[in-house]
Amino acid sequence: MARILSGIKPTGNLTLGNYIGALKHFKDFQETGEVFIFIADLHALTLPIDPTFLRNNSRDLAAFYLASGLDPKKATIFTQSSVPEHAELNAILQNYLYMGELSRMTQFKEKSQHMKDSAIGLGLFAYPVLMAADIVLYDADIVPVGEDQVQHVEITRDLVNRMNKRYGEGTLVLPNYKINKVGARIMSLSNPTVKMSKSDPKGDIFLLDSMDVVRKKIMSAVTDMDATVRYDKENKPGISNLLTIYAAIKEISIEEAEAKFAGYRYGDFKREVADAVIAELEPFQKRYFEIIESKEYLPVLQEGAKRAKEIASKTLKRVQNAVGLLDIDDD
Ligand code: AMP
Ligand code: TRP
């Protein structure tokens, strides 16, 4: 049975980009694979964050996972920090990724470009090491992510190949990333040439926005003067982004979405996109509020940590043995 692993950082308001690119799809794997989904709280510390905010975001994310349809009987849901093996494996693996390759990572360059060297934490630079540890700890075969995380899975693959060459095949399992055909990169509604991230209140749809606000943001999304609804990322990034959002939510192809909206005026097109997003988010939010209220995420995270640890401790032991750390229980 394939092992599937993914995580999201609890750094703040999740967006429709997170939902379409990652969250929405995690449940698709739970019928046929062994799914591990975690809250990447250690990764959230790589940029300054308020402790109360971080804690609340972690609860929110646990509730979002459950609201998205992940079933805790089928999927293991846990926080990264509740399984210390992540940090322990990180301490080993950090010796096998190198300064040069880490400094070329797009995410590091983007996040650090406006920061002074004296303010950039080592954790931000070493981010891919911990992420590699997250992945290999569960012998993951498949890592479902949005497009911006592909480079991190690729560096994990380099690391796995390096370790296996040095310490023997089977030391670590080689993972593959999986990105969605439609919606791997949702763009900002106010500037459709940049990614929808967690920091643009006008251009981002947040998963907890009220339905009025969601509609308003979509109706005022930046488009163009051409007045035909068709997919052309270069010349019509705004319309292409809205078509992508619609297609991803309805689980149809871009071509099918284009065919449906052929001849539509922009206003009518946007209204139907807003309807589709609202039809998806409204029940999702309702479920989220129930889960927060009932605190049902807590036993899920407790049980999840236990199950995750069972697997993680075995992998850690295997790697410790492979690299030559003395096993005091079994010498
Ligand atoms: P993060 O919020 O950076 O922890 O991202 C969590 C997941 O959401 C990752 O798999 C990202 O690739 C994905 N993601 C983030 N932003 C977007 C976006 N604008 N479009 C599609 N996927 C995204
Ligand atoms: N780096 C991912 C992000 O920013 C979150 C993450 C951490 C992750 N560890 C992971 C995703 C392991 C997949 C697998 O979105």
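A search of the whole structure, which is a predicted model, finds 26 salt bridges. The protein is divided into two parts, domain 1 (3-183 + 296-323) and domain 2 (211-291). The points below treat the overall form, the contact between the domains, and two local sites.

**Overall form**

- The secondary structure amounts to 14 helices and five strands.
- The protein has 331 residues, for which a compact globule would have a radius of gyration near 20 Å; the value for this model is 21 Å and therefore agrees.
- Along the principal axes, the C-alpha atoms fill a box of roughly 75 × 45 × 40 Å.

**Contact between the domains**

- A distance of 30 Å separates the C-alpha centres of domain 1 and domain 2.
- Domain 1 gives 15 residues to the contact, and domain 2 gives 15 residues.
- About 1,400 Å² is buried between domain 1 and domain 2, and carbon and sulfur atoms give 71% of this area.
- Three salt bridges are found across the interface of domain 1 and domain 2.
- Four residue pairs are in polar contact across the interface of domain 1 and domain 2, with both residues at pLDDT 80 or more.
- On the side of domain 1 that touches domain 2, the elements giving two or more residues are α1 (16-26) and α3 (51-67).
- By class, that side of domain 1 holds ten nonpolar, two polar and three charged residues.

**Individual salt bridges**

- Side chains of opposite charge can pair when their charged atoms come close.
- One salt bridge joins the side chains of Glu251 and Lys24, with an N to O distance of 2.7 Å.
- Another salt bridge is formed by Glu34 and Arg3, whose closest N and O atoms are 3.3 Å apart.
- This second pair links distant parts of the chain, since Glu34 belongs to strand β2 (residues 34-39) and Arg3 to strand β1 (residues 3-8), 31 residues apart.

**Surroundings of Asp224**

- Asp224 is located in the loop between α10 (211-219) and α11 (237-250).
- The side chain of Asp224 reaches the backbone nitrogen of Asp226 at a distance of 3.0 Å.
- The side chains of Asp224 and Tyr266 are joined by a polar contact of 2.5 Å.
- When residues up to four places away in sequence are not counted, Asp224 touches Asn235, Lys236, Ile239 and Tyr266.

Note on methods: Residues numbered from 1 in each chain as written. Chains lettered and ligands numbered in written order. Predicted model: local features only at pLDDT ≥ 70, side-chain atom pairs only at ≥ 80, totals over all residues. Heavy atoms only, no water. Domains from an automatic or database assignment. Contact = heavy atoms within 4.5 Å. Buried area = accessible area lost by both parts, 1.4 Å probe. Salt bridge = Lys/Arg side-chain N within 4 Å of Asp/Glu carboxyl O. Polar contact = N/O pair within 3.5 Å; in protein donor to acceptor, adjacent residues only side chain to side chain. Helix = DSSP H or I, 4+ residues; strand = E, 2+ residues; numbered from the N terminus. Nonpolar A, V, L, I, M, F, W, Y, C, P; charged D, E, K, R; others polar. Rg over C-alpha atoms; globule rule 2.2 N^0.38 Å.
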